[in-house]
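Thanks for coming, everyone. Please look at the model on the screen, and I will walk through a few contacts.

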Amino acid sequence: MNRIAAAVAAAALAAATPVAAQDIAGPVAAAVDQFGQGMAESMTGGPGLFVTAQGEAPMPATASMPMTITIKGTGKTAVEAVADRNAQLERVRSVANRFDVAMDVGATNYAIAEEDAWAIAPAMAAAVDWEDTDPTAEAAADAVEVQMIGESGGEDADTRTVTASVVVKLDRPNESRLPEFVDALVDAGVSNLDDSLNGLNFGPMTPFLSLLGLDMARDPGEPVWNQATADGVRKARAQAEAIAEASGRRLGQVRYVSVLMRSHDGENALVSVAVRFGFDD
(Lines give C-alpha, C1' and ligand atoms only; values in the text may rest on other atoms or scores of the structure.)
Protein backbone atom coordinates (compact mmCIF):
# COMPACT_ATOMS: atom_id res chain seq x y z
CA MET A 1 0.00 0.00 0.00
CA ASN A 2 2.77 2.42 0.89
CA ARG A 3 4.54 1.68 -2.38
CA ILE A 4 1.37 2.41 -4.35
CA ALA A 5 0.89 5.67 -2.47
CA ALA A 6 4.49 6.74 -3.08
CA ALA A 7 4.28 5.96 -6.81
CA VAL A 8 0.99 7.77 -7.31
CA ALA A 9 2.15 10.79 -5.29
CA ALA A 10 5.44 11.02 -7.20
CA ALA A 11 3.68 10.94 -10.58
CA ALA A 12 1.19 13.56 -9.49
CA LEU A 13 3.83 15.91 -8.09
CA ALA A 14 5.91 15.65 -11.25
CA ALA A 15 3.02 17.02 -13.31
CA ALA A 16 1.91 19.68 -10.84
CA THR A 17 2.93 23.22 -10.19
CA PRO A 18 4.35 23.98 -6.73
CA VAL A 19 1.06 25.62 -5.74
CA ALA A 20 -1.07 22.73 -6.93
CA ALA A 21 1.18 20.04 -5.53
CA GLN A 22 0.07 20.72 -1.97
CA ASP A 23 -3.58 20.28 -2.96
CA ILE A 24 -2.85 16.93 -4.57
CA ALA A 25 -1.79 15.30 -1.31
CA GLY A 26 -5.33 14.94 0.02
CA PRO A 27 -6.95 13.45 -3.11
CA VAL A 28 -4.06 11.06 -3.63
CA ALA A 29 -4.30 9.85 -0.04
CA ALA A 30 -8.07 9.53 -0.35
CA ALA A 31 -7.77 7.48 -3.55
CA VAL A 32 -5.24 5.13 -2.00
CA ASP A 33 -7.34 4.81 1.14
CA GLN A 34 -10.45 4.03 -0.89
CA PHE A 35 -8.53 1.36 -2.76
CA GLY A 36 -7.82 -0.47 0.49
CA GLN A 37 -11.03 0.40 2.30
CA GLY A 38 -12.22 -3.15 2.79
CA MET A 39 -8.88 -4.40 4.12
CA ALA A 40 -8.48 -1.44 6.43
CA GLU A 41 -11.93 -1.90 7.92
CA SER A 42 -11.32 -5.57 8.60
CA MET A 43 -8.00 -4.81 10.30
CA THR A 44 -9.19 -1.87 12.39
CA GLY A 45 -12.41 -3.38 13.64
CA GLY A 46 -15.10 -1.93 11.41
CA PRO A 47 -15.93 1.07 9.25
CA GLY A 48 -14.47 4.46 9.93
CA LEU A 49 -14.11 7.94 8.61
CA PHE A 50 -11.06 9.09 6.68
CA VAL A 51 -10.19 12.80 6.37
CA THR A 52 -7.19 14.88 5.37
CA ALA A 53 -6.26 18.28 6.69
CA GLN A 54 -3.42 20.75 6.63
CA GLY A 55 -2.04 22.17 9.85
CA GLU A 56 0.17 25.19 10.12
CA ALA A 57 2.53 26.86 12.56
CA PRO A 58 4.42 30.15 12.27
CA MET A 59 7.89 29.86 10.83
CA PRO A 60 10.66 31.15 13.12
CA ALA A 61 12.24 34.47 12.33
CA THR A 62 14.24 34.24 9.13
CA ALA A 63 17.92 33.83 9.79
CA SER A 64 19.99 34.24 6.67
CA MET A 65 22.44 31.45 5.97
CA PRO A 66 26.05 32.35 6.76
CA MET A 67 28.68 32.81 4.12
CA THR A 68 31.41 30.20 4.40
CA ILE A 69 35.07 30.49 3.54
CA THR A 70 38.00 28.16 4.13
CA ILE A 71 41.29 29.73 5.09
CA LYS A 72 44.40 27.66 4.47
CA GLY A 73 47.79 28.60 5.83
CA THR A 74 50.81 26.78 4.44
CA GLY A 75 54.43 26.46 5.44
CA LYS A 76 57.31 24.07 5.86
CA THR A 77 56.34 23.66 9.51
CA ALA A 78 53.10 23.79 11.47
CA VAL A 79 54.27 26.99 13.15
CA GLU A 80 54.72 28.65 9.75
CA ALA A 81 51.36 27.33 8.53
CA VAL A 82 49.54 28.67 11.60
CA ALA A 83 51.25 32.04 11.22
CA ASP A 84 50.12 32.21 7.60
CA ARG A 85 46.59 31.19 8.57
CA ASN A 86 46.46 33.79 11.37
CA ALA A 87 47.58 36.54 9.00
CA GLN A 88 44.76 35.66 6.61
CA LEU A 89 42.27 35.46 9.50
CA GLU A 90 43.19 38.94 10.63
CA ARG A 91 42.53 40.35 7.19
CA VAL A 92 39.12 38.68 7.07
CA ARG A 93 38.34 39.75 10.64
CA SER A 94 39.15 43.32 9.69
CA VAL A 95 36.58 43.14 6.87
CA ALA A 96 33.98 41.60 9.21
CA ASN A 97 34.50 44.37 11.75
CA ARG A 98 34.26 47.04 9.09
CA PHE A 99 30.88 45.70 7.92
CA ASP A 100 29.74 44.88 11.46
CA VAL A 101 29.05 41.19 10.81
CA ALA A 102 29.60 38.27 13.17
CA MET A 103 32.44 35.88 12.44
CA ASP A 104 32.64 32.29 13.67
CA VAL A 105 35.97 30.47 13.37
CA GLY A 106 35.94 26.68 13.47
CA ALA A 107 38.57 24.25 14.64
CA THR A 108 41.92 24.11 12.86
CA ASN A 109 42.70 21.06 10.75
CA TYR A 110 46.24 20.10 9.88
CA ALA A 111 47.56 18.21 6.88
CA ILE A 112 51.04 17.22 5.74
CA ALA A 113 51.75 16.56 2.08
CA GLU A 114 54.94 15.44 0.45
CA GLU A 115 55.24 15.34 -3.30
CA ASP A 116 58.08 14.11 -5.47
CA ALA A 117 59.33 17.15 -7.34
CA TRP A 118 61.41 16.70 -10.45
CA ALA A 119 63.97 19.21 -11.63
CA ILE A 120 66.43 19.46 -14.50
CA ALA A 121 70.07 19.73 -13.61
CA PRO A 122 70.79 23.48 -13.92
CA ALA A 123 73.94 22.99 -16.01
CA MET A 124 72.16 20.81 -18.53
CA ALA A 125 69.09 23.03 -18.68
CA ALA A 126 71.20 26.05 -19.55
CA ALA A 127 72.71 24.19 -22.51
CA VAL A 128 69.38 23.52 -24.23
CA ASP A 129 67.48 25.99 -26.41
CA TRP A 130 63.92 24.96 -25.59
CA GLU A 131 62.45 27.07 -28.42
CA ASP A 132 64.56 25.42 -31.10
CA THR A 133 62.39 23.01 -33.12
CA ASP A 134 65.33 21.35 -34.83
CA PRO A 135 65.20 17.53 -34.32
CA THR A 136 68.71 17.46 -33.02
CA ALA A 137 67.77 20.05 -30.41
CA GLU A 138 64.78 17.91 -29.37
CA ALA A 139 67.06 14.94 -29.02
CA ALA A 140 69.40 16.99 -26.87
CA ALA A 141 66.48 18.06 -24.70
CA ASP A 142 65.42 14.43 -24.29
CA ALA A 143 68.90 13.62 -23.15
CA VAL A 144 68.92 16.27 -20.47
CA GLU A 145 69.62 14.81 -17.08
CA VAL A 146 66.52 14.85 -14.89
CA GLN A 147 66.84 14.35 -11.20
CA MET A 148 64.48 14.32 -8.27
CA ILE A 149 64.88 17.16 -5.81
CA GLY A 150 65.91 15.84 -2.44
CA GLU A 151 67.79 12.85 -3.83
CA SER A 152 71.51 12.64 -3.31
CA GLY A 153 73.35 14.57 -5.94
CA GLY A 154 70.48 17.06 -6.44
CA GLU A 155 69.37 20.17 -4.68
CA ASP A 156 68.78 19.47 -1.02
CA ALA A 157 65.16 20.71 -0.82
CA ASP A 158 62.38 19.59 1.50
CA THR A 159 59.13 19.20 -0.47
CA ARG A 160 56.91 18.64 2.58
CA THR A 161 54.17 21.21 3.10
CA VAL A 162 52.13 21.64 6.24
CA THR A 163 48.63 23.06 5.87
CA ALA A 164 46.60 24.60 8.70
CA SER A 165 43.04 25.14 7.49
CA VAL A 166 39.99 26.52 9.23
CA VAL A 167 36.37 27.08 8.16
CA VAL A 168 35.03 30.56 8.85
CA LYS A 169 31.36 31.49 8.81
CA LEU A 170 30.36 35.09 8.29
CA ASP A 171 26.91 36.58 8.76
CA ARG A 172 25.55 38.24 5.67
CA PRO A 173 25.42 42.03 5.77
CA ASN A 174 22.49 44.01 4.46
CA GLU A 175 21.79 43.03 0.85
CA SER A 176 22.58 46.57 -0.32
CA ARG A 177 26.10 46.24 1.11
CA LEU A 178 26.65 42.63 0.05
CA PRO A 179 28.52 43.32 -3.23
CA GLU A 180 30.88 45.71 -1.45
CA PHE A 181 31.37 43.12 1.30
CA VAL A 182 32.30 40.40 -1.20
CA ASP A 183 34.74 42.74 -2.94
CA ALA A 184 36.36 43.51 0.40
CA LEU A 185 36.78 39.78 1.07
CA VAL A 186 38.42 39.34 -2.32
CA ASP A 187 40.81 42.20 -1.54
CA ALA A 188 41.60 40.42 1.74
CA GLY A 189 42.73 37.38 -0.22
CA VAL A 190 39.58 35.23 -0.03
CA SER A 191 39.25 33.02 -3.10
CA ASN A 192 36.85 30.24 -2.08
CA LEU A 193 33.68 31.91 -0.83
CA ASP A 194 30.66 29.60 -0.60
CA ASP A 195 27.42 31.55 -0.52
CA SER A 196 25.10 28.66 -1.45
CA LEU A 197 22.20 27.96 0.89
CA ASN A 198 22.94 24.32 1.44
CA GLY A 199 25.92 23.57 -0.77
CA LEU A 200 23.71 22.07 -3.48
CA ASN A 201 21.64 23.73 -6.18
CA PHE A 202 18.65 21.68 -7.27
CA GLY A 203 17.32 24.33 -9.65
CA PRO A 204 13.68 23.74 -10.69
CA MET A 205 13.36 20.94 -8.14
CA THR A 206 13.78 23.33 -5.21
CA PRO A 207 10.03 24.12 -4.80
CA PHE A 208 9.21 20.41 -4.76
CA LEU A 209 11.92 19.74 -2.19
CA SER A 210 10.16 22.29 -0.01
CA LEU A 211 6.83 20.52 -0.53
CA LEU A 212 8.47 17.25 0.50
CA GLY A 213 9.99 18.81 3.59
CA LEU A 214 13.55 18.63 2.23
CA ASP A 215 14.29 22.35 2.09
CA MET A 216 17.06 22.29 4.68
CA ALA A 217 17.78 25.97 4.15
CA ARG A 218 14.43 26.86 5.73
CA ASP A 219 13.86 23.89 8.03
CA PRO A 220 12.02 25.41 11.03
CA GLY A 221 12.95 22.49 13.30
CA GLU A 222 10.98 19.58 14.74
CA PRO A 223 9.13 21.59 17.44
CA VAL A 224 7.53 23.76 14.72
CA TRP A 225 6.74 20.75 12.53
CA ASN A 226 5.15 19.02 15.52
CA GLN A 227 3.06 22.10 16.26
CA ALA A 228 1.81 22.15 12.67
CA THR A 229 1.10 18.41 12.79
CA ALA A 230 -0.96 18.79 15.96
CA ASP A 231 -2.88 21.62 14.32
CA GLY A 232 -3.56 19.39 11.32
CA VAL A 233 -4.92 16.59 13.52
CA ARG A 234 -7.18 19.09 15.34
CA LYS A 235 -8.53 20.34 12.02
CA ALA A 236 -9.02 16.77 10.83
CA ARG A 237 -11.06 15.97 13.95
CA ALA A 238 -13.21 19.07 13.44
CA GLN A 239 -13.93 17.98 9.86
CA ALA A 240 -14.65 14.41 10.93
CA GLU A 241 -17.02 15.49 13.68
CA ALA A 242 -18.98 17.66 11.25
CA ILE A 243 -19.20 14.80 8.75
CA ALA A 244 -20.18 12.27 11.39
CA GLU A 245 -22.88 14.56 12.80
CA ALA A 246 -24.25 15.24 9.33
CA SER A 247 -24.45 11.51 8.66
CA GLY A 248 -26.10 10.72 11.99
CA ARG A 249 -23.11 8.95 13.47
CA ARG A 250 -21.00 9.60 16.53
CA LEU A 251 -17.28 10.00 16.02
CA GLY A 252 -14.98 7.64 17.87
CA GLN A 253 -11.28 7.46 18.55
CA VAL A 254 -8.41 8.03 16.15
CA ARG A 255 -7.32 4.76 14.59
CA TYR A 256 -4.62 5.90 12.24
CA VAL A 257 -2.62 9.07 11.54
CA SER A 258 -0.18 9.61 8.69
CA VAL A 259 1.89 12.66 7.80
CA LEU A 260 1.53 13.10 4.04
CA MET A 261 3.69 16.13 3.40
CA ARG A 262 5.72 18.82 5.16
CA SER A 263 6.36 22.15 3.46
CA HIS A 264 6.27 25.86 4.07
CA ASP A 265 4.96 28.95 2.32
CA GLY A 266 7.59 31.27 3.71
CA GLU A 267 5.43 32.40 6.63
CA ASN A 268 4.02 29.15 8.00
CA ALA A 269 5.19 25.57 8.27
CA LEU A 270 2.55 23.36 6.62
CA VAL A 271 1.89 19.72 7.44
CA SER A 272 -0.71 17.66 5.60
CA VAL A 273 -2.09 14.74 7.60
CA ALA A 274 -4.42 11.85 6.88
CA VAL A 275 -6.47 10.66 9.86
CA ARG A 276 -8.83 7.72 10.17
CA PHE A 277 -11.43 7.84 12.91
CA GLY A 278 -13.66 5.06 14.10
CA PHE A 279 -17.35 5.41 14.87
CA ASP A 280 -18.54 5.23 18.45
CA ASP A 281 -21.93 3.70 17.74
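At what angle do α4 and helix α7 pack, and how far apart are their axes? The angle is about 160°, and the axes are 9 Å apart. Axes here are lines fitted to C-alpha atoms, for helices over the stretch in contact, and angles run from 0 to 180 degrees between N-to-C directions.

Some ground rules before I go on. This is a predicted model: local features need pLDDT of at least 70, side-chain atom pairs count only at pLDDT 80 or more, and totals for chains, interfaces and linings use all residues. Residues are numbered from 1 along each chain as its sequence is written, and side-chain values use heavy atoms, with hydrogens and water left out. Helices (H or I, at least four residues) and strands (E, at least two) are DSSP runs, numbered from the N terminus.

Back to the helix pair. Helix α4 covers residues 78–98, and α7 covers residues 178–187. The two are therefore roughly antiparallel. The cut-offs: under 35 degrees is roughly parallel, over 145 roughly antiparallel, 65 to 115 roughly perpendicular, and the rest oblique. The crossing is right-handed, meaning that the near helix is turned clockwise from the far one by less than a right angle.

Which residues meet there? From α4 come V92, V95 and R98. From α7 come F181, A184 and L185. Contact means heavy atoms within 4.5 Å. The residues of this contact divide into five nonpolar, no polar and one charged. In this scheme Ala, Val, Leu, Ile, Met, Phe, Trp, Tyr, Cys and Pro are nonpolar, Asp, Glu, Lys and Arg are charged, and the others, Gly among them, are polar.

Next, charges. Side chains of opposite charge can pair when their charged atoms come close. The structure holds five salt bridges, each with a side-chain nitrogen of Lys or Arg within 4 Å of a carboxyl oxygen of Asp or Glu.

E90 is partly exposed because its relative accessibility is 47%. R93 is partly exposed too, at 29%. The scale: buried is under 20% relative accessible area, exposed over 50%, partly exposed in between (1.4 Å probe, protein chains only).

Now helix α9, residues 222–246. E222 pairs with R262 at 3.3 Å, N to O. This pair links distant parts of the chain: R262 is in strand β8 (residues 251–264), 40 residues from E222. E222 has a relative accessible area of 42%, so E222 is partly exposed. R262 is partly exposed at 23%.

Also in α9, K235 and D231 are four residues apart, about one turn of the helix. Their closest N and O atoms are 3.2 Å apart, in a salt bridge. Is D231 buried or exposed? D231 is buried, at 15%, while K235 is partly exposed at 32%. D231, R234 and K235 are linked in a network of salt bridges.

Last stop, A57 in strand β1 (residues 48–58). With 1% relative accessible area, A57 is buried. Leaving out residues up to four places away in sequence, A57 touches V224, Q227, A228, E267, N268 and A269. A57 and V271 are 214 residues apart in sequence, yet 8.8 Å apart in space, C-alpha to C-alpha.
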